[in-house]
Each structure stands twice: as structure tokens, then as C-alpha cells.
Amino acid sequence: MTYGFAPLIPWIYFVPLLAIAALFIAFGLWQKVRGAWLRLAALAALGLAIANPSIFVELRDPLSTIVAVVVDRSQSQQNGDRTAQTDRAVEGLKERLAAIPLIEPRIIEANTDPADVSPSTNLFGALASSLSDVPPARIGGAIFVTDGQIHDVPDVARALGFDAPVHGLITGKPDEFDRRVELINPPRFGIVGEEQKLSFRVVDDGAAPGGSAEVTIRLNGNEIARERAEPGTDVPFAFNVPRGGNNVLEFAVDAVPGEVTTANNRAVHVLDGIRENLRVLLVSGEPHAGERAWRNLLKSDAAVDLVHFTILRPQEKQDGTPINELSLIAFPTRELFVDKINEFDLIILDRYQHRGLLPILYYDNIAQYVENGGALLIAAGPEHAGDDSIAATPLEAVLPAAPTGVMNEKAFFPRLSEEGKKHPVTRGLEGSDSEPPHWGRWFRTVDVNRPQGHTVMEAADGKPLLVLNRVGKGRVAMLLSDQGWLWARGFEGGGPHVSLYRRTAHWLMQEPSLEEEALTARARGRTLEVTRQTIDGDPGPVTLVAPSGGKQDVKLTERQPGLYSAEVATTETGLFEMSNGDLTALAHVGDPNAPEFKAAISTEDKLRPWAEKTKGIVQRLASADGPLDLPTVLPVRGSIRAADDQRLSIRMTDETVLKGVNSVPLFTGFLGLAALLLLISATWYREGR
């Protein structure tokens, strides 16, 4: 209730008139005029009537108290019967809060973002976002229904944004235990073929049974070691990086009966393998136009260390000139083909012929080098069809084709074979999609018998031009023409010699992206990209195994000749396994160290500091083997000075909303008129005497 005035005329006129009247009254009082006091009273009554004093009464309705119920729907809440406990607790809270007048429950479902590659439980963020439109004075409390594994709990010294109790209702059971494995300082990069080191640790959370654990270690899906580990102890481990690109390292600890979850029994780390500079030995049998094309290409590649020799003075050119007068470097045959042959990643014999510079035994060394995993490229010219061909040496055992002794002297456009259109070495070469191909012609090839391996390019009349073959652990390629330099010089528009030479060299050095039969997968956010390379027909569906163990068949679509792919949207986080025929691939979706999968046992510890600060409680919903125990709700007016150990205290708000204002005039109506007439009559009567 308040008081005020509602003048009948504006104050700007009323005040001056009142002042003038007051002056006359004051003058009368000073002169002691009879009836001056009555005139003063009558003037006061008239002034009150004009000023219209009133009583204002506000009509207000009480506002409801907002109680936030934050429901944890993260992945850890799916362990055991936590989901069922959560659902029952939420329904019970709705009933109990609805039974109390002026309490408005606000249910906040805190789900893990499906697009988040590093899932975590962020309940306080969800609480702040949902209450952003509510004044702090109307918030009566926050009740968290969770397993207690919350990853965004603010420091207890910070302000929460409202002054009301924070309660925690914890799902799960008090005697839970869980075993998991963690990686310590794993390297992000590693040199291919070199040793890398890291440590791992087996961690037991809760009342675990103890004892040592066996950890199985896999690299790219292949088991490489088994180690025993005592929980809580760091165990060092060393391994060699097998290949360039992604390498998936997996540590799996055996499950313990009764543990909360096995989802964190595997720790995965993705390591990028980096190749050191590749060492290439290029031996040119004689100076020729194509020699420069090979040398320029290899020297322009920053990832290649090139050793190049050109035979300038074969034995048949000996003319008696003393050695000390020659500026040539002697060909170090023993050093290259005996002592250091295994240090090279690729050997290129460019128009090389057997002239007695290499003993026959050295050709056998080259053949063994290939059998043991080396790479050999033969760039053949007319000498390969002659009597001094290296095909007549022990090197013949690893060559994919033998020469017939005939040179095909006929202009032709190099063309991709049916296999070549699908093979990653030649697929999509610029200019190959037209007929004739949009590049220059070549004019001669070495004629060979039916080759082994894959003929990916053809010469005139369908004769082999580029042949790729695997021998033992190594690889061999034969380019049956020495006229690739025509493309390099731009003859008839040139051609894609750089792409062709470079892809061939990298295929020989076992670049994973150039494998003709391969299954690869990579994660892009929450999407799995599966790629199947094949030079055969449709490979059929890929079997996808999710981290949870669920399987599905993924249909592939042909994007390019020999290249099939598919995209799979996922909601799970972890290691996915793919298989197609004999091929397998691994890909990890999400952060391998996501907070959601580290600690899995339910806990009261994270919410307790906030409950103690705000006079709330933290209580488990169920005992080890008892029924669900849901506390009652206690509405409290005013400040909450102490926590109630058995009930959820809610601070009721005093906030109201204004619905209207009633005005009651004090000097109007019959009462005001009677007072005014009485005083004026008294004044007249007094003056009449």
C-alpha cells in the first residue's frame, strides 16, 4: 500500500494559485483579521480537494520457483542399470515437485553431442544454458541425476550464478570397479623403420580384485606383443614404425569379470609414419636424351636422395689413355652392388646392358635384393633386345618379361590397358580419357614375350609398354621404351611423364596409396570414409565392426574405374574394424583419450564440494543390493542455513508479478464535500458577526 496525489488540475497551475491564496491568508493572520483561521482551514480543505490525495493498493501474484533437474544422458550412463535408475528417479522427482504448489520443475536432458569427436559429460554447461532466461532469485535449486562422472564441474570458489542448493542423485552402485589401460606420452610421428618408445599403464578404479594383467598390443591390426603389467605401474614398450601414413597402435587389457564396462579396456593411438629421404640409385648405360628426364625428375623430389652414374667409358672404348689423365670417376661396382646395395630403396637401370662392368655375381645380388623387398625399374632401349641384354644374366629370374630380340619401330600413342585404367599408378593420367589420348606419340618399343604381372600401358598393336610385377617381397617395373623424354620435351604437346614416372617409382617403393588391391579407411569427424581399390571386378560389401561389437555390411559405390568408396555416419567413439575378403583396415573415430571413456565408476566426490557449499546433499539412488531410494523434497522460505541429510531442500522464491493497482481517493465524495461546505459556512458565519 502506498500514498500519493492525483491533482484535478495540473500542478503548474495549482501551486501558484495556492501560493497567492496563502499570501492573503498570511496577511490576514498578520493583521489579526477576524475569521483568518477559518479562512486558512477552508483554503486547506479546498487545496486537498483539488490535490486529490489517494491510497494506491498493488495487486500481485506470487511467481513460481524454478527447480532445475539435470539428467545425465551421456554414454557412461548406459553402463549396467544406470539408465533404468535415471528414468525412475526423474519420474519420481516430477511427481514430488508437481505436488508442491508454486514449484515449476525444468527437466534438462544433457546428451552428448553426436558431432563431438571427444565426448564428455558437461552438465553444468547445460544447466547454465537452460537457466539463462530465469532471474537468479527465482531459482530454487538444481538436482543432478548422474553417475557423478561430470567433466565441467567449476571450481567451488567461483560463483554459480544463483543462491540455491545443489543436489546430486548418483546412479550406479557403491561397490563398482573397473579396469582400463592408458598410454603415457605416445609419439605423434615416427620415422618408418626406426624404433619408437612409449609407456602404458593399467589402472584399476574402485574395489578392483588386483593382480597383474595381460595386455595385448597390436599394430595395424596385427598382434606384435603381449606384456604383463601390475596395475598402477608404468610399463615401457618399444616398436618399429612399419609404414608411412597412419599407423594404428592398440593396447587391449583382458576384461575382469564384474567390471563396469569393457569399452575402456582398449587404448588406441594413431601415429603418422614419416619416411626418411628415399635413396635411389640411377645407373644409365650410356648418355642419351631420356637420361636427363629421369635425373631431373628424381632430383626435383625433395624426398629423394639420388645417386646417379652414367657409363661413359665402357671396356670397348679403352684407348690407352692413362688413368691419371682422365677426369672420370670409376664406377664403384663393389661398393654399390655388394656393400651398400641394401641401403637403396630403388635401383633404376636406364638403358643398361651387360658389358662386363658388372660381374655376373652382382646381377644375382640385384635379384636377391629384389626378392628380399627391394625395388627395381628397367627403362629399356634397343640394347635390351640385343645380345648384351641384361635379360641374359641372372637378373632374368626377377624380370617380368623376356625380350624376343625384336624392336617395334612404329609410331603410336601410349594407351592405358584395361588394367591400367583401374591401376592407381596409371588411373586418371592427364590426357588418357580421350581417343586417341591427348598426348604426344612415341616411336619404338622393345618386343617381349607374354609378361607376368600387370600390363598397365600398351604400345602399338596392344604390345606391352609398362609392366608392373611383384617378385618375392620386392617389386619390378619395366618400361619397354626409351622415348618418354619426348613427353618431357613437349613433342606434339608432350605428356604426363612426371606423374607417370613418379607414381611408378613410388609404387615400386611400396607407397600404400598406390597399392592395386587395398582397403583403407579414415575418420572425418563422425563420418567414416571407406575406400576399396581393386583391379578386379566389384569387390562386394565391406563388413564394418563397431566398437560396441555391432556389425553391418556397407555397400560400396564405384567412383572411378577400380576405385570404390562409401561414407558411414557413426555415433560411437572408438576403433572400427573393416574387412573385405582378405583385406582389413582400422580407423578410430573420435578422440582416443576422450574423457567419457577414462573413469567409468560412479562417484559422489565431484559434486560433493558444491553440495556442501550450497547446503545441498549428494546421495546414491540405490545401495549395493537395495531398492531405489529417492529423497523427499523440502520447500524452505528464506535462506537455507543448514543442509537436511534426508531431504532435498528447495529455496522458495519471494518474487511476485504485478497484476494491477487500485486507487482509493481520500478527499472526494460526500465526506470531502461536507468538510468543505462546513468550513466555508463557518467562515461566512464568523464574518457575518
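**View 1. Cavities in the predicted model.** A search of the whole structure, which is a predicted model, finds 4 cavities of 30 Å³ or more. A cavity is a set of points, on a 1 Å grid over the protein atoms alone, where a 1.4 Å probe fits but cannot get out; grid points are joined across faces, edges and corners, and a volume is the space filled by probe spheres set on the points. Totals for linings use all residues, whereas local features need pLDDT of at least 70 and side-chain atom pairs count only at pLDDT 80 or more. Residues are numbered from 1 along each chain as its sequence is written, and side-chain values use heavy atoms, with hydrogens and water left out.

**View 2. The largest cavity.** About 60 Å³ of space lies in the largest cavity, which is lined (an atom within 4 Å of a point) by W294, L297, L298, D301, V304, Y501, R502, A505 and H506. Two or more lining residues come from each of α5 (289-300) and α9 (497-508), helices being DSSP runs of H or I with at least four residues, numbered from the N terminus; α9 gives the most, with 4 residues.

**View 3. The second largest cavity.** This cavity holds about 50 Å³ of space, and its lining consists of H288, G290, W294, D350, A379, L479, S481, D482, Q483, G484, W485 and Y501. By class, that lining has 5 nonpolar, 5 polar and 2 charged residues, where Ala, Val, Leu, Ile, Met, Phe, Trp, Tyr, Cys and Pro count as nonpolar, Asp, Glu, Lys and Arg as charged, and the others, Gly among them, as polar.

Terms used. On a 1 Å grid over the protein atoms alone, a cavity is a set of points where a 1.4 Å probe fits but cannot get out, and a pocket is an open set with protein on both sides within 12 Å along at least five of seven lines; lining residues have an atom within 4 Å of a point.
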